[in-house]
Amino acid sequence: MAAEHSVGFEPADRLAEDRESVRRRFWRKLKRVAAQLPFAEDLLAAYYCAFDRQTPRHVQAALLGAIAYFILPFDFVADVMPVLGFADDAAVLATAIRMVSSHITNEHREAARAVLKRGVGEMEEGAAQ
């Protein structure tokens, strides 16, 4: 029965299990598309929460799944489409954030704002941990 609820998300689920791959691929894609993302701050705050050692495992799993969906090279709605391109990514992320919002702290949000202020392109993948 659980498989019925995850139809179409299996690649994101598999990718989310490989935290280092998610970390590397996240920064690569974010650098490419940050200027087009109206939800970049929320995405970054979710990223910092997902990789925070104080975050409970079930919260990390939910956020890593949403982040993995964002970095997958294919989508239900292609990311290159103007306006609608990231709508599915935003919906998946918003759902995950709503589920675990109490775990996304002010520190996670401040880290996200700092990266955006500095510029995502300047962020080194390894330094973003």
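**Exercise 1.** State whether aspartate 42 is buried, partly exposed or exposed, and identify the residue with which aspartate 42 forms a salt bridge.

*Solution.* Begin with the classes: buried means under 20% relative accessible area, exposed means over 50%, and partly exposed lies in between, with a 1.4 Å probe and protein chains only. Aspartate 42 has a relative accessible area of 33% and is partly exposed. This is a predicted model, in which local features need pLDDT of at least 70 and side-chain atom pairs count only at pLDDT 80 or more, whereas totals for chains, interfaces and linings use all residues. Residues are numbered from 1 along each chain as its sequence is written, and side-chain values use heavy atoms, with hydrogens and water left out.

Next, apply the salt-bridge rule, a side-chain nitrogen of Lys or Arg within 4 Å of a carboxyl oxygen of Asp or Glu. The partner is arginine 109, with the closest N and O atoms 3.0 Å apart. This pair links distant parts of the chain, since arginine 109 lies in helix H7 and aspartate 42 in helix H4, 67 residues apart; helices are DSSP runs (H or I, at least four residues), numbered from the N terminus. Arginine 109, at 23% relative accessibility, is also partly exposed.

**Exercise 2.** Find how many salt bridges the rule gives, and describe the ones formed by arginine 113 and arginine 23.

*Solution.* The count comes to three. Arginine 113 pairs with glutamate 41, the closest N and O atoms being 2.9 Å apart. This pair, too, links distant parts of the chain, with arginine 113 in helix H7 (residues 106-118) and glutamate 41 in helix H4, 72 residues apart. Arginine 23 pairs with glutamate 20 at 3.5 Å between the closest N and O atoms, and both residues lie in helix H3, three residues apart, about one turn of the helix. Arginine 23 is buried at 10% relative accessible area, whereas glutamate 20 is partly exposed at 42%.

**Exercise 3.** Determine which residues of helix H6 are buried and against which helices they pack.

*Solution.* Helix H6 (residues 87-100) has 14 residues. Its buried residues are Asp88, Asp89, Val92, Leu93, Ala96, Ile97 and Val100. They lie on the same side of H6, because they cover an arc of only 165° around the axis, taken from the directions from the helix axis to the C-beta atoms. Finally, these buried residues pack against helix H4 (40-50) and helix H5 (57-71).

Definitions and conventions:
Helices (H or I, at least four residues) and strands (E, at least two) are DSSP runs, numbered from the N terminus. The expected span of a helix is 1.5 Å times one less than its number of residues. Contact means heavy atoms within 4.5 Å.
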